[in-house]
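Colleague: Please show me the model. I would like to go through it in questions and answers.

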Amino acid sequence: MTRPSFEEIARLDHELLTAFTPPGADCPLCVWCYIRKGVTIHEIVPRSLAPDWWWHFGNRVPLCHEDHMLMHSDRKKYEATLRFRQEEALRRVRSWTDSD
């Protein structure tokens, strides 16, 4: 698989951020703390370990700066829980959208 263009990555970033943004909000919440704004898109498996698929939706989540630094402090320690929180966050946003 070839790496997407810069424009394609920008489109994927927009789709990701939109998917995690609650109705009426201007940006997504951090999927780790659910308190601060998700200002950084984090690759659960880093680009260096997944050069052919790091940009896939299921590998990326919005995090606040503090929690992004936490994830980089011990990637393996947080990976499984981060994947669970990713799914949980998407379910929450979808339930809020469905109830409108």
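Predicted model: local features only at pLDDT ≥ 70, side-chain atom pairs only at ≥ 80, totals over all residues.

Colleague: Which residues of helix 2 are buried, and how wide an arc do they cover around the axis?

Modeller: The buried residues in helix 2 are D67, H68 and M71. The arc is that of the directions from the helix axis to the C-beta atoms. These residues lie on the same side of helix 2, because the arc they cover is only 105°.

Colleague: What covers the buried residues of helix 2?

Modeller: Contact means heavy atoms within 4.5 Å. The cover of the buried residues of helix 2 includes strand 1, strand 2 and helix 3 (75–98).

Colleague: Which residues does D67 touch, not counting residues up to four places away in sequence?

Modeller: D67 sits in helix 2, which spans residues 65–73. Its relative accessible area is 8%, so D67 is buried. With residues up to four places away in sequence not counted, D67 touches C30, W32, C33 and R36.

Colleague: How far does helix 1 reach from its first C-alpha to its last?

Modeller: Helix 1 runs over residues 6–19 and has 14 residues. The expected span of a helix is 1.5 Å times one less than its number of residues. For helix 1 the expected value is 20 Å, and the reach is close to that, at 20 Å.

Colleague: Which residues of helix 1 are buried, and why do they count as being on the same side?

Modeller: An α-helix has 3.6 residues a turn, so residues three or four places apart point the same way. In helix 1, I9, L12 and L16 are buried. They are on the same side of helix 1 because they cover an arc of only 60°.

Colleague: How many disulfides does the structure hold, and how far from C30 is the nearest cysteine sulfur?

Modeller: A disulfide is a pair of cysteine sulfur atoms within 2.5 Å, and the structure holds zero of them. C27 is in no disulfide, as its nearest cysteine sulfur, that of C30, is 11 Å away. C30 is in no disulfide either, and the nearest cysteine sulfur to it, that of C64, is at 3.7 Å.

Colleague: Is C30 buried or exposed?

Modeller: The relative accessibility of C30 is 0%. C30 therefore counts as buried.

Colleague: Where is P51, and how far apart are the C-alpha atoms of P51 and L29?

Modeller: P51 lies in the loop between strand 1 and strand 2. Its relative accessibility is 51%, so P51 counts as exposed. P51 and L29 are 22 residues apart along the chain, and their C-alpha atoms are separated by 27 Å.

Colleague: Where is Y34, and what is its phi near?

Modeller: Y34 is in the loop between helix 1 and strand 1. Y34 is a residue other than glycine with a positive phi, near 60°.

Terms used
Residues numbered from 1 in each chain as written. Heavy atoms only, no water. Helix = DSSP H or I, 4+ residues; strand = E, 2+ residues; numbered from the N terminus. Buried < 20%, exposed > 50% of the residue type's maximum accessible area, 1.4 Å probe, protein only.
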